[in-house]
Structure formats: C-alpha cells, structure tokens
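This briefing covers aromatic contacts, charges over rings and a surface patch. The sequence and structure come first.

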Amino acid sequence: MRLIHIAAVSRRNIGDVVAVEVKRRLPRLWPWLTAIISGLLAAAAFPPFDQTWLIWLALVPLCGTILFPGEDAKRPWLRDLVLGYVAGLAFFWMCFFWITTVSALGWFVLQFYLGLYFAVWAWFCGLMRPRAHKIIARDKWSEMLARARPETTPAGSPWLSSGHNLFLALCLAAAWVGLEWVRGWLITGFGWNGLGVALHRTWPLIQIAEFTGVAGVTFLVAFCNVILTTTARRIWEETRARAMRPHFDLTLTLVGLVAVFTWGLMAVQTRAPSQPLHVALVQASVPRAEKFDLRYKQTIFDKFNRLSKVALASASGIDLMVWPESSMPAPVLADQETLDFVSQIAISNRVDLLLGAIDEEPNQVYNAALLFRPEGNPQLYRKVHLVPFGEYVPFRHSFPLFAAIVGDQVPEDFDVGNEFTVFHLSNNHGKVAPLICFEDTIGELTRQFVLRGADFFANVTNDGWFLRSSGSRQHLANAIFRCVENRRPMVRAANTGVTCFVNEFGRVTQVLRDDQGSIFEEGSLIGEINIATAPSRTFYAQHGELFAKACVALSLAIFFAKLLRARFALLLPVDQLLELWPDEFRGVRLGALLHPASVNSKLEHSARILERENGRLFHLRALFGPQHGYCGETQDNMVEWRSYEHPQLRIPVYSLYGEHREPTREILHDLDLLLIDLQDVGARYYTFVWTMYLAMRACEREKISVVILDRPNPINGVEIEGPKLNPEYRSFVGMHPIPIRHGKTIGELAVQFRNECFPTCALTVLPMKNWDRAMWFDQTGLPWVMPSPNMPTLTTATVYPGMCLLEGTNVSEGRGTTRPFEIFGAPWIDPEKLCRELNGLKLPGTHFREMFFQPTFHKFSGQLCGGAQLHVTNRNAFRPFEMGVEVIRCIRRIYANHFRWKSPPYEYEYKKLPIEVLLGGPVTDFFSE
C-alpha cells in the first residue's frame, strides 16, 4: 500500500512539473500555433474538406497575433514575416497535397516559394500595426489606485475607433488581393485557391465577380477576417473598461455583406435572351501510363467510339461533342489514322467535335485543341499558357535543379501558342473559347476569348495526372469564377473528372458520376447550356483585373507613405539610444534627469528604456526630477517636492526643485555620467533649461560627463522674440542672457551654456534625426505629452512666451481651467469690452473671444471671472511676446483701479517684482509708470 501511495505521489509530481513546463512554454509557442492554425483553417475551406464557413475566420488567429504582439516581441518585423511564412507553409502544404501524385519533392519545394506571399502579407499587417499607447504608473500611490479601480481602456486606443478599424481592414484586404494577383502571374503564375475561391459554392456572394473578378470576393473575405479580429480586440478592451460603444465597423461590414448577398440573389434572376445548345461530354478515364503510348492507340479509339455512340444515342439533336485534353495518343493532324478516326466521328454523326490534341510541326510541339465539323477544315488552337513543371520546366538548361526535381514527368517542353483562337460551330450555333487544362483558372486569359467574340467556354483537361486526389475538384472550384466574371457558361470534359456543366452564374448544373457517386470513372454526360442571342461584355471582360490592380496601387501607396514617413520622420535620440550611445560611455555609472514628457515616439518613458539597457550600456544608479516632480505631481510654482526611492528600480529619485535645485556633491558622488532628457517649450522662463544649467555646472565641478538627449523646440527653431536677459535680473526663470522666445532646442542651449559658462564641462549631445528648424511640434509626428501640468497642448506652448507674463500680475493666466495661458481674466473685467479693445489692436494671427470662467485653484479660485480666450488663427504670423505685452497694457489702461503688479516672492526671487523677473529687466522698459 505504501509503495502504491509513493508511486501515486511521484506521478502527481511529474504531472505538476509537466504542467508548469507547458505553462512556461505556451506563451512562446502560442504565436506559432496560431499561425499554423490559420493556415490549416484556410486549407480546410477548400476541397476535399469544403468547410467554406472556416474561410471567414481563418486569418483571425494570424492577424490577431501580429496586430497584438504583446510587449516582449523582439524584431517585430522579422517575427511577423516568419509567422506569415509558417501560416503559408501550413496552408499550401495541406491545400496542394495532391501535387504529390506527380512529384512529392516538387510538392514539398513549391510551397517554400508560395509561402512567401503569406509572409509578405503578415509583414504588411505588422507595418499597419498602430503604435502602442501604454501609460505606466511610476509611484506607489498611482499603483495602489490602479489596483483599486476597474481597469480602464485608454481613450486613445485605436481599436475603439470604427474609422481606424475600417481603414485597417481596407488596407489589409487590399494587400491580400494584390499579393494574390501577383501570385497569379509572377514566374508564370500559380494563382489557385485565393481566399475568394473558397466561396465557389456560395453563389449569391460570388456574383460581384462580374465587376471585380474573383479578387472582389477575396477582398470581401479578407476584410471580414480583419474586422472580426479588431472586433474581438475591441470587445475585450470595452469589457475591461466596462464601457461599450456602438460598433459601426462591424455593423457596416455586416450591412455590406448582406447587400452583396442580396444583389447576388437579384443578379441571378436576370437572364439575357438565349438559345439552347445541346452538348455531349465524354470522359474516357484513360490511365496516364497509357495516355501517350501508341501501343494503346486502338484501345483508346475503341473507348472513345463506344462512349461517343452511347452519348449520341442517349439524346437527339446533339450540337457539340467534347473530348478531353490530349484525347489521342498520336498527334491528330500529323497521324493519318488518327485524323481519319476523328473526322469520321464528326462526319458520320453530323456533329461538331471538340477535342484536346497534340499538334506537331518540325521542331515544335504544342498542346492544342481542335474543332472538327461535318463540313470544312479543322479549326486549331494552340495553348498560350503552359503549366510550369507540367508542360515545361522553367530554366531547364540554365538551372538544372528544377529538371532534376521533376524528373521524367516532363521529358520535353511544349511550345507556346500566340493566338486566342475562337472556334465557330456549325449552323451558327455559337462561338466557343477552347480552354486547355488550367487555362480556365486564369481570368485575364479567359476574357481575351470573350473580347474576341466567344459565347461560351469549353474546357478540355486531363486531371488524371492527379489520380483520385482533390486536385480536380480544386480545379473546378477555381474555374467556376470565369463563368461569373464573363457571364458565359462553360462545359468541361476531363479525362478523369470533373466533367460537368456550369451556367453563367457559376452554378454547377450537371456532373458526371457513376452509380457509386465517383467523378473519376469513364462515361458520358448529356446536357444543354444557354447561349445568349445578343451577348454583352461584363465590366470585368472589358477591364480585366482592374480591381486587383487598384488594390495593388493602394497597397503600394500605403507602403511608400509608411516608408517615406519612416525615412523622414523625426527620430529622437531615445528612439535610437542603442545606436547612438558612445562607446566610451559603455559601462558607466549613470544618473538620469527626466520628467513626464521624457518619452520616445511610442510613448514609452525614457526610464523604461534605460531600465532595459541597464547592465548592458551602463549601470543606472539614480534618477532626478525638475520642477513639478519626476512624475508631474505638483501643480504650481514654488511647490517643492521631496526625494524618494523608486518603487520598482530601488534607486533614489532626487528632487531638483526642493531642498536643492542644483545637484550636490553627495548626490553625484556615485555617478560617472548624468543623462538629461527634458522637453522644453521654447521660452526662457520655463525652468527645465535652468535645471539643466545648474546640473551642468555641478557636473563640471565634480568632473562628471553630461549627455543631453536632444528634443525639438515645439514652437519652431526659427522665430526669436523678446529681450535678452539682463544679468542683473538673473533668477530661476533666467540664468543666462537668452531671448524670451529663444528659438533653440535644449541640446543647442546646452552647447551654448557649455561654450559661454562651463568650458570644461564634458558635454555630449545626442542629436535628433530629420528635425527641421521650421517644424512645429505637430509636424514632427511625435505625440504631445504634457511636460508640466499646465502645458496641456501645443497651443498652450505657442501662447506661453507672452501669456506667462500674466504670472507677474493680479490677472488670472487661466491656471485652474482646462486651457491655462489661453484663457485669462479677473472678476472685475468686462469680457465684451476687453475683447473689443484687444481685437481692435489687430494683432497678427490672433483673435480674442469673450468668455466667463471659474478657476478651480490658483488666482480667484471659485470666483467668476470675466475675460477672454485667446485663439491663434495664424501661428506663423503670431507673435506671442508682443501679444502678451499688449494684453497687459490694454488691461492696465481699461482697469487702472484694479490692475496690480504681483509682489514677490516668485521662483525663489524675494526682492524684484515677478514681472521684472519674467521680463529679465526693469518693468519700465515695456510698461510706463
């Protein structure tokens, strides 16, 4: 009993270990499993399985894995490419397994080429993947609140936008269609089993092929797959946020699907005037080993003679008899015995006979079709599209490997015909397009016969090469669309299936089967097709693959737009830190001066990036934060914050707006280098540049290197306004003589400070890529993040060099409202009167709109204020400093009894007036007393 107990425990422990191992490995294996699942689901929608419904969700696993890759995906473009390739291999290996009946090695090798199309689409899917917008809590209080409240979806999540999802589906569906079109002609093409072909039996939905070709049906399927993917993601995000929204993307997709279905139902109700054509189809089922063996010539003659007589005896008035491809073992026109046999069938039975045959000339051999009529000479069509590795071997002599793979299956190459010959039946019974073998699967080729007057199609094929596999059924599935595209019926005579009739709407009306239901046995099939008395040309017949080409054009336009954006998009140093990091600084002990706007172009905070490179490029020892806190915790000026320990990194976060504004020796003693990544707003009185100034001074003193990660001046680097600082008025909002609107990046200011103040400071500035001085921030493509709590938008930064002057007055600059520095006023201001006076000044690029507001904090908190909102109507003409001075002058003039200059202290200045600290000189320089 004890032994049994021990064994049970041992098995349980082993099971636990296995479970843990599976749980550990599954996240890494799951993306590859989803790729394989997508390939298998798509393949299952085609014969022999014909599970058509699977095609509507086949791409969802692959698409979801690529669009939502998670945080840990390395080299995402390569991952996307390989995932698509895996899905492609799974699809094509399963779908085209019937090729093994000819060449197992050929089947195996071919799919390595075909899989590339899935791979390219998956890569394009990744290219369209939106940027991740993830906000990370960086203090204990924020983390505690995040755990306490329901998880919310970021308002900017692209998956909540119906417009975004519809555009994404449009782009990805267009790309899929474009790639299928390329697959249909590149390297002679093998375009079988596009996504739309899976709907070959869903006849109402495929009627749009009259306009778009099968590409339109494929587009519909791919579009729905993407919408299903984005809808699943959207529902997941909305469920987490507990906030559902109308799904217009899904609704419009379903409406479009119903509209296409309804139109298809109506389309098949409309038939053009027609006349019947009675046709007999013969399927001889000649074994492929006997097909071209002259020893079996008489046996083959006897079989076709017998089956033809049965067909003709079964019904009267047969207009056309069709035999399959390469019916006779000898060239018909070159072998007199064969010519006599075939001619006699047509003449003695007074019937037109269409058959596939070999046609020989000196040094040339063609796969051909012949039409024998009771009277007149035979009509000849030589096949214009040869099947690679079936009728010829590409690069047979220049690349012998291909010939070695095919072996003796294709001992010699056929020659290519060059005319789309339309056969004319006797007694004006119609004109037929003779399509040989796989030619009925090529839309552009088939329509050439329609343009030359063909009334219907006759396909002669020898699918006996593929024995009793699904190859013949897949052949028919692809051929059906030629009927819909051109509104022409088709008759098909195969050597071993599928011999059948297909009407102009793509519906298979009759199929040759034996008593057991097999499509591969010999027999004959009698039926009729309707030939239009006045046949018209469909949009597709006239314009061909216009829809597919438009999809290619759209995909290329998107690709090049993405490429140009990547080529000319502004890249921050933090986006390319690994590439730009100087070799001499590898392994240093690093401190970093950061704030909330220290993010890369994907909104990932610099601290996260530094953490990722910690131990590889450097050793992160400390973080520093300027005014308003490392995480933007403090609102107002003169509100200090205290140092603390970072909760995740367990390193100190030092305050440089508190007990110290300049790093001390004790703070810097454990560092070799200070990295500074701060977003400035282009105005002298924005304190972050002065925190950098003091940090540079301290680092020069302690022999510590400084690296600046440059960032754009958000209000451009061209315009300069306002006076330079008078050194007598130095303060924490101005410590070196620069203009109020200085027109420099933070890196350029650092260089100026080094050159003019700290000549021995070991300064390195890592540059931006593709920044132009004339750029405004919204032209950089970068996301705007508030660098301080009262700088919510670029417009705020635009007006700040002038409206910040109101901090030196008793007029509210809009703190405590949603639009600080754009909104201003006081309880004693009449908005209408003030705006009339200000607009009368005709300041360039400016309009003042009267309004009332109630600040929630700061000046006049809770009081109703009259004032204005400043609207910038032309930012290139707008002069913020000039405008700010004029606003103060106007208010002083109108409200002289109420207006006052604010008294000290202001930004650690306790004697001079705040307005003088801001102006950097005497107040009388701009405002007369």
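Buried means under 20% relative accessible area, exposed means over 50%, and partly exposed lies in between (1.4 Å probe, protein chains only). The model is predicted: local features need pLDDT of at least 70, side-chain atom pairs count only at pLDDT 80 or more, and totals for chains, interfaces and linings use all residues. Residues are numbered from 1 along each chain as its sequence is written, and side-chain values use heavy atoms, without hydrogens and water.

**Aromatic pairs**
- Rings of Phe, Tyr and Trp (its six-membered ring) pair if their centres lie within 6.5 Å; planes under 30 degrees apart are stacked, over 60 edge-to-face, and the rest tilted.
- The whole structure holds 54 aromatic pairs.
- One of them, Phe-219 with Phe-547, is edge-to-face, at 5.6 Å centre to centre and 85° between the planes.
- This pair links distant parts of the chain, 328 residues apart: Phe-219 is in helix 8 (residues 214-241) and Phe-547 in helix 16 (residues 546-568); helices are DSSP runs of H or I, at least four residues, numbered from the N terminus.
- Phe-219 counts as buried because its relative accessibility is 15%, whereas Phe-547, at 24%, counts as partly exposed.
- One aromatic cluster includes Phe-46, Trp-98, Trp-192 and Phe-466.

**Charges over rings**
- A charge sits over a ring if NZ of Lys or CZ of Arg is within 6 Å of the ring centre and within 35 degrees of the ring normal.
- Arg-382 lies over the face of Tyr-366, at 4.3 Å from the ring centre.
- Arg-661 lies over the face of Phe-732, at 5.4 Å from the ring centre.

**Helix 1**
- Leu-29 belongs to helix 1 (residues 2-44).
- With a relative accessible area of 45%, Leu-29 is partly exposed.

Terms used. Helices (H or I, at least four residues) and strands (E, at least two) are DSSP runs, numbered from the N terminus.
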